[in-house]
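Me: I would like to go through the ligand site and the pockets of this model. Could we take them in turn?

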Amino acid sequence: MGKDVIIACDFSSAEQTFAFLDKFTEEKPFVKIGMELFYAEGPSIVREIKRRGHKIFLDLKLHDIPNTVKKSMAVLSKLDVDMTNLHAAGTVEMMKYALEGLTREDGTRPILIAVTQLTSTSEERMQKELLINASINDTIVKYAENAKTAGLDGVVCSPLEAGMVKEACGASFMTVTPGVRFADGDVGDQVRVTTPAKAKEIGSDYIVVGRPITAADDPVAAYRRCVEEFVD
Ligand code: C5P
């Protein structure tokens, strides 16, 4: 399992996305396509980015009854994405069904990871609104363990949670971590951030980096800096 930098392509149109990707003439970065771009452009954007030779993390965070998730995962698998995700809150059974749907006839499948608790959910809201009577960290670890039980490959989490997830689920259980900023860069709306070098030290397997690359004056240089700090 190789460490890699995934660029969050949080654009609202294919035009903007390709104008950005065209800047990369020497490398083919792993890219994340989220709900905004997918809902705007549909599956064709996935096919086109794939055709250009990029690996794709399709970040659609599925959460529905097991049968619906299984059938939807089968469709995403045919799109030939490399990684996709769902909400662990859908239960172990839903996650098992998702894996079944994702697995192709030849036995191959994209990497499947789970969202534990969204980083936008505070412990207070989780307890008061969702009636989850535990700490947020215990909830994250339990959901990660559920994902492991279901056979998933890992979870999306804050780099600062990666250590605790690895401790509970083992070193080979993947952590895919957003919230990455350069030491001398803008934090923006992210609260708990870490640098690519620190994420490497903590044990993240993949870092998801958006604005520090997409909004940089020189995105290719910013991407290379991430790779140097995190992978090399
Ligand atoms: O621009 P920035 O580097 O903050 O982008 C981070 C990406 O990771 C965005 O696509 C954001 O939606 C996603 N993400 C996150 N925190 C999570 C889950 C996903 O920032 N907990």
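Predicted model: local features only at pLDDT ≥ 70, side-chain atom pairs only at ≥ 80, totals over all residues.

Me: Which residues surround the ligand?
Reply: The shell consists of Ala8, Asp10, Lys32, Thr119, Pro178, Arg181, Gln190, Val208, Val209, Gly210, Arg211 and Pro212 (a residue belongs if one of its heavy atoms lies within 4 Å of the ligand).

Me: How does the shell divide by class?
Reply: There are five nonpolar, three polar and four charged residues in the shell. Ala, Val, Leu, Ile, Met, Phe, Trp, Tyr, Cys and Pro count as nonpolar, Asp, Glu, Lys and Arg as charged, and the others, Gly among them, as polar.

Me: What lies 2.8 Å from an oxygen atom of the ligand?
Reply: A polar side-chain atom of arginine 181 does. A polar backbone atom of glycine 210 is also 2.8 Å from a ligand oxygen, and for a polar side-chain atom of arginine 211 the distance to a ligand oxygen is 2.7 Å.

Me: How much of the ligand does the protein bury?
Reply: The protein buries 81% of the 470 Å² that the ligand exposes when taken alone (Shrake-Rupley method, 1.4 Å probe).

Me: Changing topic, what is the volume of the largest pocket?
Reply: The volume is about 1,100 Å³. Of its 41 lining residues, Lys61, Thr119, Pro178, Gly179 and Gln190 are the closest to the centre. A pocket is an open set of points on a 1 Å grid over the protein atoms alone where a 1.4 Å probe fits, with protein on both sides within 12 Å along at least five of seven lines, and lining residues have an atom within 4 Å of a point.

Me: And what classes line the largest pocket?
Reply: Its lining has 16 nonpolar, 14 polar and eleven charged residues.

Me: Which residues line the second largest pocket?
Reply: Among them are Arg181, Phe182, Asp184, Arg211 and Arg225.

Notes: Residues numbered from 1 in each chain as written. Heavy atoms only, no water. Polar contact = N/O pair within 3.5 Å; in protein donor to acceptor, adjacent residues only side chain to side chain. Points joined across faces, edges and corners; volume = space filled by probe spheres on them.
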